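Please keep the sequence and the structure in view while reading the points below.

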Amino acid sequence: MDAGFFIDEKAVQVENIFLEFLKTFRLDPNSREPRYDSEIAAMDANESSTMFIDFTHVMRFNDILQKAISDEYLRFEPYLRSACKRFLIERKPNFNADDNLNRDVNIAFYNIPLVKRLRELSTGELGRLVSVTGVVTRTSEVRPELLQGTFKCLDCGTVIKYVEQQFKYTEPTACVNAACMNRTKWVLLRQDSKFADWQRVRMQETSKEIPAGSLPRSLDVILRHEIVEQARAGDTVIFTGSVVVIPDIMALTSPGERAESRREGSSQRKNTGGHEGVRGLKALGVRDLSYRLAFIANSVQISDGRRDTDIRNKKKDAEEDDSQQFVAEELDEIQRMRNTPDFFKKLVGSIAPTVFGHRDIKQAILLMLLGGVHKFTHEGINLRGDINVCIVGDPSCAKSQFLKYASGLVPRSVYTSGKSSSAAGLTATVAKEPETGEFCIEAGALMLADNGICCIDEFDKMDLTDQVAIHEAMEQQTISITKAGIQATLNARTSILAAANPSGGRYDKTKPLKYNVALPPAILSRFDLVYIMIDDPDDQVDYHIAHHIVRVHQKREAALSPAFTTAQLKRYIAYAKTLKPKLTADARKLLVDSYVALRRGDAAPGSRVAYRMTVRQLEALIRLSEAIARSRLEAQVQQDHVREAVKLLQTSIISVESGEIDLSTFQGENNDDGDGGDQGQGDTWPSTTPLETAATDNGAANADGAANQQKKKLVITEEYFQRVTQALIMHLRQHDEALTQDDLPGMKQRELIQWYIEEQNKRDKYSSSEQLQSEVTSIKAIIERLIQLEGYLIVVDGGREAPTGEGSRQPPAVPRSERILAVAPNYVED
């Protein structure tokens, strides 16, 4: 005791030893300058008042000091800050002249060896220096916090300084002037008081740490001074600080209600024996639970899986991560990986090694992890660089395994399922702060995955209203909210990896993608790559898959031998993402030509691509080319990269393997055309007269020929069927439009086939008369199917009024080639 004040001698000892540590500690015994002299230079450069102390240095310096700090941090913290201030004044005498004397030096410890999980924090950790890791789910706005108030007495005008604030606004108990009796009339002098920035962050356990059957726990973390705004929603963060107990505002406002059962209302009910068994927790000796744990942090470290990161120079926006520091050993390792023979195949093979095969999808996931280059126009419009991939496939094709792997490979990633996700849960929701009553924005899955990956499983099971919510996030990469008086546009710069099942359970190859997946075209066009996984039986493939799965179950990690480990892959991707490849002139020209060719293929009649080619697919080509250039660590996008991107897009768009159509039944019906009914009509034909030859061959066939034709099946592809159908219907419609009012609609079958053959002949499609004959046979069978089965064509006039033959007793059967055909009035072009 000295002059009425208690001096904590142990704390003073700790302060002196800590000051000695700051003055003398050297990482290398041979270095001239102490380690923490450079920290002062860093504080000067950043105009900072926080000194960052590596706790491993303290452990190397003095074991007693590190034990004292880690065991009783809250007790010694003011003395440690005082030691930092003394050290700063000694090394930099003009420190106090720069600013007012009240300027404090804050202390921040990092690199504590044992990082605790949120579930391990208990009352035993109170007051100790601990590190805890978790995911940030909500951040409050930065507000000023009153640390020490300066008050003026309204009666006598005496100023009372340095009134420490407790959990609430604390005024002096009495005026220091002996003649003044004031105890209640005070005014706060704001300019002389000490304020600090304050922010509350809600932290939650990571999904890997939650035990089976448990809900994730969360904890409020208080950030002060310069570490505010360093943790954003979605970051996996290591907070270093101490656990404290604070009053639970909600429990204090309704005392007794949460901790115990409600008391019985009337004395009459108490007398009845019906409720005697329920006495509440109070009868068991349980007090009102009006306190809860909170965490006061002094340093924030973003956990991105890389070691030796500079805690002070951590970028606030991961968009500018081109200045990420890579150690020389890491750069050597990346270059060695790049120089490995056939390294791109090995990179692709290292993605999801537990899944056998599917190289195309693995390549797509690798390019999605690398991404294209984000660009901004002069008007401030954001051109997306993230690549979105959709995997559509039969059950048990390892879709979810790909998603799980991708979400585990990236520091910022969210895995969610479509059916259990609402629109607000995917984008953002407006929630009310329980203590202040103000509205705040709570981040959804896409916001939490900002600058990362959002994996959405069962994408086709989402409700339509929820799917609409992610339209904006997939293209503009923002989320706009106008709710409860809050108008905000939030960033959602994320790649989306979605998995969906075909609507019929299994993929039907005879139909295009839009009929197989219950997804609207607006969402399908926003995916750069759409991959189809079809589970077809194949003895060889099935053997290899079964062998691989059994081997993985038997030997686990030993069964997998990827060329590069997951850690190497992460470092390679992190380095490749810092490159910003530019398009060369040749690559630009090839991109334009490739896009025009893809559009032309899309517009071709009978083409059955998965979805329409739009400008979005051109942008997808640019992004894929940039990602391929990044994967090869090149600074320019070359023509080879563009060709590979076009090939990827073409395999992705998947002109679905069209099924085969059997026209044998309709071919048999076409063999009764009569003998040469279409000869001698005076039509102008090429000198080879192919139609007459074909008709004669078909009509005047002997019994053996007919039997042979019956045996020979006529099978055509569905694509060919669609192409011929569209051409015939289009010509019939054009012919009808050109007719006058007096003319009858329709066209003779012979003339229709003749027109088609002439059109194909102009393009030199026939190299032999046999080829032409088979084409005529196929077209006749197609027309018959369109009349009888599809109902696209109708027979307007069966030709019964044709002139009869001489001496005939009844009109002969008119050849089919003479009947008049027209498009069915209820036919709608698809």
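**Briefing on the predicted chain**

I549 is part of helix α19, which covers residues 539-555. The structure is a predicted model. The chain contains 29 helices and 29 strands, and 44% of its 830 residues are buried.

**The chain as a whole**

- The chain exposes about 44,400 Å², and carbon and sulfur atoms supply 50% of that area.
- Among the contacts in the chain with a separation of 6 or more, 73% are between residues 24 or more positions apart.
- A search of the whole structure finds 28 salt bridges.

**A nonpolar patch on the surface**

- I549 belongs to a nonpolar surface patch together with F356, V541 and I545.
- The accessible area of these four residues together is about 300 Å².
- I549 counts as partly exposed because its relative accessibility is 43%, which lies between the limits of 20% for buried and 50% for exposed.

- Helix α1 runs over residues 9-24 and has 16 residues.
- From the first C-alpha to the last, helix α1 reaches 23 Å, close to the 22 Å expected at 1.5 Å a residue.
- The buried residues of helix α1 are A11, V14, E15, F18, L19, F21 and L22.
- The packing partners of the buried residues of α1 include the helices α2 (35-46), α3 (55-61), α4 (63-71) and α5 (73-91).
- The strands β1 (50-54) and β2 (106-110) also pack against the buried residues of α1.

**Salt bridges**

- Side chains of opposite charge can pair when their charged atoms come close.
- Within helix α5, E77 and R81 are four residues apart, about one turn of the helix.
- The side chains of E77 and R81 meet in a salt bridge, with a distance of 3.9 Å from N to O.
- R81 counts as partly exposed because its relative accessibility is 26%.
- Helix α23 (residues 639-653) holds both R643 and D640, which are three residues apart, about one turn of the helix.
- The side chains of R643 and D640 form a salt bridge of 3.0 Å, N to O.
- R643 is partly exposed because its relative accessible area is 45%, whereas D640 is exposed because its relative accessible area is 52%.
- E125 and K116 also meet in a salt bridge through their side chains, at 3.6 Å from N to O, and both residues are buried.
- E125 and K116 are members of a network of salt bridges that also links K67, D71 and R128.

**Individual residues and their contacts**

- S407 lies in helix α12, which covers residues 399-409.
- S407 counts as buried because its relative accessible area is 14%, and the limit for a buried residue is under 20%.
- When neighbours within four places in sequence are left aside, S407 is in contact with S413, Y415 and C455.
- V136 is found in strand β4, residues 130-139.
- V136 is buried, since its relative accessible area is 0%.
- Not counting residues up to four places away in sequence, V136 touches several residues, among them V201, R202, M203, A231, F239 and L448.
- V136 and S218 are 82 residues apart along the chain, and their C-alpha atoms are separated by 9.4 Å.
- T158 sits in the loop between strand β5 (143-153) and strand β6 (159-164).
- In sequence, T158 and C175 are 17 residues apart, while in space their C-alpha atoms are 7.6 Å apart.
- With neighbours within four places in sequence left aside, T158 is in contact with F151, K152, C153, C175, V176 and N177.

Terms used:
Residues are numbered from 1 along each chain as its sequence is written. This is a predicted model: local features need pLDDT of at least 70, side-chain atom pairs count only at pLDDT 80 or more; totals for chains, interfaces and linings use all residues. Side-chain values use heavy atoms; hydrogens and water are left out. Patches are made of residues with over 30% relative accessible area and no salt bridge: like charges are joined within 9 Å, nonpolar side chains (Val, Leu, Ile, Met, Phe, Trp, Tyr) within 5 Å. Accessible areas come from the Shrake-Rupley method with a 1.4 Å probe; for residues, only the protein chains shown count as cover. Helices (H or I, at least four residues) and strands (E, at least two) are DSSP runs, numbered from the N terminus. Buried means under 20% relative accessible area, exposed over 50%, partly exposed in between (1.4 Å probe, protein chains only). The expected span of a helix is 1.5 Å times one less than its number of residues. Contact means heavy atoms within 4.5 Å.
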